[in-house]
Every structure is written in C-alpha cells, then in structure tokens.
Amino acid sequence: MSSSNIALLGAIAGFTIYLGLPIGRLRRPTPRLKAGLNATAIGILIFLVWDVLTHAWEPVDHALGDHSWGTVASGGAVLALGLTIGLAGLVSYDAWTARRRAAASRPDGPGAAVAEPARKPRTQAGELALMIATGIGLHNFAEGLAIGNSAAKGDISLAVLLIIGFGLHNATEGFGIVAPLAAEGERPSWLTLLWLGLIGGGPTFVGTLVGQHLVDDTLSIAFLGLAAGSILYVVIELLAVARKAAMKQLTTWCVLLGLLLGFATDAVITAAGA
C-alpha cells in the first residue's frame, strides 16, 4: 500500500469524528442508538487494545528469546512509559478539565448570576466542548503515529486494523464532544461542529503523516504504547457511559458484536495478504 493511500486512510479514520458530531443538533437522540454504538465501540476497542499491545510487546518478546537484556530493558521501559503517558496523561487532563469546569461554575461576585443568566452556561458548555475536542485530538495524534509507523515498517495488516478501529472509535467520540452542549440544551452551529471536528479528528491524519517517516523499533513501541494507553482510557470512559445508559442486555450483545467484528476484520485483512 502506497504512502499516499495510507495517508488517505488516516484522514478518513480521523474525520469519521464528523459522523457523531451532528448528534449535538438533534433535539432528542435515540437512547438505544447511542447505547448500541457506544457498546459496539467498546468491543472493538477491547480487541484493539489486545492487538496493539501484542505488536508492541513482540520486539521485547524476541529479545527475551535471544537473551538480549539491553533491548528487553529499553523496550520494556519505553512500553511502560508510553502506556503511562497515554493512560495516566489523559486521566490527568480529565481531572484538570473537571477543575476548570468547577472553577468556571462558581459565581464571580454577588451579582454575577443575575448579570448574565443565559450567557454564562453557554460559555461554560462551549469551553468544555473545546477542551474535550483538544484532549481527543492529542490522543488521536498518538493513534495516527501508530498507524503511520506500522505502515512504514511494512505491517499493513496492523495499520489497516488501526485505521478501522480508530475510525469507528472516532465516530463515537463526536458524541462526547457535543455532550456538554446537549446537556445545556444548546444546538451548536454547523461551523462550530466543523471546527470541533477538525480539532478532534485532524491530528489522526497529521500523526499518520509523521509516523510514516519515523521507522524504528523503539519509536514503534512508544507509539503503540501511547495508542494502547489512550484506547484503554477511552474504554474506561465508554464503560462509564454504558453503565449510565442502564441497558445491560443491549450493551452486552453490542460489546460482543464489537469483539467479533474486531477478530473478523483482522481475519479478513490477514487472509487478503495485507
């Protein structure tokens, strides 16, 4: 697969975020539809975490077999660091966002709540949506790096699977970005949705371009570790959303569907010789 085709697929993976953003303009999104898509994404991402970590651990595993302890130590440390940054980094960002939101919700003075009864909630919701889009964009850049690096190393099967998995995941991320606006009863303009989608999904394409020019086992482990950590964080967040939806039976079947889709996709790609 040529570099231009990989870049194009990376762009598609990133910009599938626009599939979820229009939900923010619906007055009453179907709860079962949202819960079903959310659960299917969980299943796909669980499979993807396993697959990404398998590829990240492979060089370390080979080094263990060769008793190359230096490679084992460096590769293991890089993987642990990438996982930590990808997972704990997003947790820290989420905590910082929560503190910002709490601070913004406190009145600035005795007359603040009276002076701007309508504008302040809208400003807070818009700011939170922008911060969520920024956080998603940061971890999508790490995902793009993993896609580009895998393709550059000739592992097209993993690259295509990452594109499919991240594309489906990005389609659900649009819900998370517009959630604060929906909670406040605001309907974002199409221009606002375009801008939020560019911030959240664009970095996947940029990361894919950068990753194709960085071919190194250590960097590959780092990128895959970052991607795995960020995917794991999103799985945790989506599980919380699934529990709030209180549709256990639908969630269970859709998670299973997502897992089976992940294995089926991998099987088709491998059988096709990618």
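Skip the neighbours within four places in sequence, and Ile231 still touches Leu45, Leu48, Val49, Val52, Glu143 and Phe166. Keep in mind that this is a predicted model, with a mean pLDDT of 75 for the protein chain.

**Nonpolar cores**
- Ile231 belongs to the largest nonpolar core, which has 41 residues. Along with Leu45, Leu48, Val52, Leu162 and Phe166, Ile231 is among those with the most contacts inside that core.
- Seven helices are listed as each supplying at least two residues: α1 (3–15), α2 (31–65), α3 (69–105), α5 (119–152), α6 (156–183), α8 (217–245) and α9 (248–271).

**Second largest pocket**
- This pocket holds about 240 Å³ of space.
- Its lining is made up of Ile42, Leu239, Ala242, Arg243, Ala246, Met247, Lys248, Thr251, Thr252 and Val255.
- Helices α8 and α9 are the elements that give two or more residues to the lining, and α9 has the largest share, with four.
- Sorted by class, the lining has six nonpolar, two polar and two charged residues.

- In the protein chain, 76% of residues reach a pLDDT of 70 or more.
- Over residues 109–123 pLDDT stays under 50, and the model has eight contacts beyond four places in sequence for them.

Conventions
Residues numbered from 1 in each chain as written. Predicted model: local features only at pLDDT ≥ 70, side-chain atom pairs only at ≥ 80, totals over all residues. Heavy atoms only, no water. Core = buried A, V, L, I, M, F, W, Y, C linked by side-chain atoms within 4.5 Å. Buried < 20%, exposed > 50% of the residue type's maximum accessible area, 1.4 Å probe, protein only. Contact = heavy atoms within 4.5 Å. pLDDT = per-residue confidence, 0-100. 1 Å grid on protein atoms, 1.4 Å probe; cavity = no way out; pocket = protein on both sides within 12 Å on 5 of 7 lines; lining within 4 Å. Points joined across faces, edges and corners; volume = space filled by probe spheres on them. Nonpolar A, V, L, I, M, F, W, Y, C, P; charged D, E, K, R; others polar.
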